[in-house]
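This report is written for a reader who is meeting the structure for the first time. Please keep the sequence and the model in view while reading, and follow each part as it is named.

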Amino acid sequence: TDSGFAILPSTNFANCPQADLLCVPGGFGTRDVIQDEATLQFLRDQATEAQYLTSVCTGSLALGAAGLLQGKQATCHWAYTSLLAKFGATHEKARVVKDGNIITAGGVTSGIDFALTVVAEIAGQELAESIQLSLEYDPHPPFNSGHPDVADPALLALLHEQVYGKTVQNLA
């Protein structure tokens, strides 16, 4: 990050203990991840015993590339939802989708909804609600353009042309 915070690995795939909850983040590095067999095998291996398999943004594409979304409902960032079908998943239009022990979230801001959903699943709704209140998470965006269904079509076309269209082609 740009603020000095870092998450550094303390193990490797071979020595990693079994995770109870596996969370795959998304971002522009997803293309490399979905083509890396060692990472995909790690996800498959962890999935056999993990209580929850989760992802935010395009992390669901990594779960899909590992074969873990076959026949499942899932979501990811809106610009990449069409790619879920390539991995046997069905896109559900929602900020957070739970299908069995798999929980997927849309773009980065839906990560807060995702986190609260996971906390409620693991520790109960009361704790999740108390966290929501402590964060003062009561979103009221200043504009109504946070999803393709409501955004100005010209803005949507611009983003597809300049940013997401090229990225989707690179992932496909």
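Predicted model: local features only at pLDDT ≥ 70, side-chain atom pairs only at ≥ 80, totals over all residues.

When its neighbours within four places in sequence are left aside, the residues in contact with threonine 39 are Phe13 and Val33.

## The aromatic pair

Phe13, one of those contacts of threonine 39, also takes part in an aromatic pair, and the structure holds one such pair. The ring centres of phenylalanine 13 and phenylalanine 42 lie 4.4 Å apart and the ring planes stand at 15 degrees, so the pair is stacked. Since planes under 30 degrees apart count as stacked, the angle of 15 degrees places this pair in that class.

Phenylalanine 13 belongs to the segment before β1 (21-24), whereas phenylalanine 42 belongs to helix α2 (residues 37-47), and the pair therefore ties together parts that are 29 residues apart in sequence. The two partners can also be described by their accessibility: phenylalanine 13 is partly exposed, with a relative accessible area of 41%, while phenylalanine 42 counts as buried, at 14% relative accessibility.

## The open sheet

Four strands make up an open sheet with mixed pairing, and their order across the sheet is β1-β2-β6-β5. The edges are formed by β1 and β5 (96-99), each of which pairs on one side only, and from one strand to the next the twist averages 15 degrees.

Strands β1 and β2 (residues 52-56) run parallel and are joined by four bridges. Within this pairing, leucine 22 stands opposite leucine 53 of β2, and cysteine 23 stands opposite threonine 54 of β2. The pairing of β2 with β6 is likewise in the parallel sense and extends over four bridges, with isoleucine 103 in β6 as the bridge partner of threonine 54.

## How strand β2 is enclosed

In a regular strand the side chains alternate between the two faces of the sheet. Which residues cover each face of β2? On one side there are Tyr52, Thr54 and Val56, on the other Leu53 and Ser55, and all of them are buried, both faces of the strand being covered. Five of the five residues of β2 are thus buried, which means that the strand is largely enclosed by the rest of the structure.

For α4 and helix α5 (residues 125-135), the angle is about 150 degrees and the axes are 7 Å apart, and the crossing of α4 and α5 is right-handed. The residues that meet are Leu116, Val119, Ala120 and Ala123 from α4, and Gln125, Leu127, Ala128, Ile131 and Gln132 from α5. Sorted by class, the contact of α4 with α5 comprises seven nonpolar residues and two polar ones, with no charged residues.

Note on methods. Residues numbered from 1 in each chain as written. Heavy atoms only, no water. Phe/Tyr/Trp six-rings, centres within 6.5 Å; stacked < 30°, edge-to-face > 60°. Helix = DSSP H or I, 4+ residues; strand = E, 2+ residues; numbered from the N terminus. Buried < 20%, exposed > 50% of the residue type's maximum accessible area, 1.4 Å probe, protein only. Pairing = 2+ DSSP bridges. Axes fitted to C-alpha atoms, helices over the stretch in contact; angles between N-to-C directions. Left-handed = near helix turned anticlockwise from the far one by under 90°. Contact = heavy atoms within 4.5 Å. Nonpolar A, V, L, I, M, F, W, Y, C, P; charged D, E, K, R; others polar.
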